[in-house]
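Please keep the sequence and the model in view while reading.

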Amino acid sequence: MKREIYTEDHEDFRAAVRTWLERDVIPNTDKYIADKALPREFWLKAGENGFLGLSLDEEYGGAGDFRFNAVLEEELAKVSAALPTCVGIHTDITAPYINELGTAEQKERWLPGVAAGEILLAIGMTEPSGGSDLAALKTTAVRDGEEWVINGSKTFITNGYSCDIVIVAARTDPEKGAKGITLFAVEATKEGFSRGRKLDKVGMEESDTAELFFENVRVTDAEIVGELNMGFIHMMQKLAQERLSCAVANVAHAKQILTETLQYAKDRQAFGQSIGNFQHNKFLLAELFTQIEVAEAYIDKCVLAHSKGELSAVEASKAKMWSSQTQSEVLDHCVQLHGGYGFMNEYRVARAWRDARVTKIWAGSNEIMKEIIGRDLGL
Ligand SMILES: Cc1cc2nc3c(=O)[nH]c(=O)nc-3n(C[C@H](O)[C@H](O)[C@H](O)COP(=O)(O)OP(=O)(O)OC[C@H]3O[C@@H](n4cnc5c(N)ncnc54)[C@H](O)[C@@H]3O)c2cc1C
């Protein structure tokens, strides 16, 4: 089915992203996996190409149209599930906090570096004691004269090991629950800030994920992002773009691996014929392609709505939940169609299957997505 949301401009942009990926990224993916992180060179090249400022104001390289972000996410996802995650956290998820909530001084100070890939961003919401119940977070920022003193820790933070700035959610009023949380931009050079090791994950090896520690880290009002005690509301407002960005990557990643699996099913022989020709497998592939195209149609609708500023939090939750569920189902069948090779790490399908598992957990678990959707049904 012809996708109708992208124009010639978007397709030209897609071609530019592909050129960069083929020239500078794909030849290095094994190294990224071995290093458990993307090198700074990756970010600088992406910045040089103008790919990291898409969510920013025009003067910092912004596109003003989320469809460009979606194209970037799709093309990255075709290479691996980890790439759109790391880039998405920087570009689609964290940069908008500074761009939309930051002061003129903060924007001038950080956004040129963000767009250039010189300042890498991460966002620290989740803590060892919990991620779903954000309002219960324990990291504190206590006023001391003209400064704030931050103490606590964050875990599972994407880009955490390499980031230059982390936006940290901290409790500034212990009495006020969700209404007592503030966001701070903490520069990694601050005294008292430290990082744990790169966490050893089931998949997405090349995306660095770390625990972050804050021990008497001193910041001032100039590092508050948005309004004092409004951090929870700010996070809720920004989660729709985060979830949509994940959804775009989920479907593009699954579609790519399914397309490669179709070729495998045509090539692989058993009982004197291609395994794809057994009726069971033919029907299965027919169902999986249908599932992907239906999911893609919904996500496209969400992308278009978001590019017009019309996407609701509930629609974004549906997109995130459905796409991650679909991806997991499709990739599990792709592994099965590869037989024993599907369980070998050297086969891309095995890695894709492992990588995809987390998409039902993060960015708000699928249970939390259903909670949001259920509430909207009046339940
Ligand atoms: C690889 C990776 C990268 C990540 N990157 C980041 C990042 O960059 N920044 C960041 O802040 N966080 C990040 N996260 C954290 C992620 O968002 C959390 O793991 C997620 O929100 C779930 O929180 P939790 O792990 O504490 O699980 P918990 O909140 O402890 O939940 C445990 C289980 O209980 C279920 N549950 C909880 N509440 C309910 C409820 N009300 N109804 C039904 N079921 C419920 C959950 O769905 C889950 O199945 C990342 C996680 C991973 C694994």
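## The shell around the ligand

Strand S3 supplies the largest share of the shell around the ligand, 3 residues, where a residue belongs to the shell if one of its heavy atoms lies within 4 Å of the ligand. At least two residues each come from strand S1 (121–124), strand S3 (147–158) and helix H11 (366–376); helices (H or I, at least four residues) and strands (E, at least two) are DSSP runs, numbered from the N terminus. This is a predicted model, in which local features need pLDDT of at least 70 and side-chain atom pairs count only at pLDDT 80 or more, while totals for chains, interfaces and linings use all residues. Residues are numbered from 1 along each chain as its sequence is written, and side-chain values use heavy atoms, with hydrogens and water left out.

Of the 19 residues around the ligand, those that come nearest are Gly131, Ser132, Phe156, Ser365 and Glu367. By class, the shell has 10 nonpolar, 7 polar and 2 charged residues, with Ala, Val, Leu, Ile, Met, Phe, Trp, Tyr, Cys and Pro counted as nonpolar, Asp, Glu, Lys and Arg as charged, and the others, Gly among them, as polar.

## Polar atoms facing the ligand

A side-chain N or O atom of Thr126 is 2.7 Å from a nitrogen atom of the ligand, and a side-chain N or O atom of Thr158 is 2.9 Å from a ligand nitrogen atom. For Ile123, a backbone N or O atom lies 2.9 Å from a nitrogen atom of the ligand. Taken alone, the ligand exposes 980 Å², of which the protein buries 65% (Shrake-Rupley method, 1.4 Å probe).

## Nonpolar cores

The largest nonpolar core has 57 residues, and Trp20, Phe42 and Val303 have the most contacts inside it; such a core is a set of buried Ala, Val, Leu, Ile, Met, Phe, Trp, Tyr and Cys residues joined through side-chain atoms within 4.5 Å, buried meaning under 20% relative accessible area (1.4 Å probe, protein chains only). The largest share of this core, 10 residues, comes from H7.

Not counting residues up to four places away in sequence, Phe42 touches Trp20, Val25, Tyr32, Leu83 and Val87, contact meaning heavy atoms within 4.5 Å.

## Helix H10

Helix H10 (residues 348–357) is mostly covered, with 7 of its 10 residues buried. Its buried residues, including Arg351, Arg354 and Asp355, pack against helix H2 (29–35), helix H7 (231–267) and helix H9 (313–337).

Terms used
Buried < 20%, exposed > 50% of the residue type's maximum accessible area, 1.4 Å probe, protein only. Polar contact = N/O pair within 3.5 Å; in protein donor to acceptor, adjacent residues only side chain to side chain.
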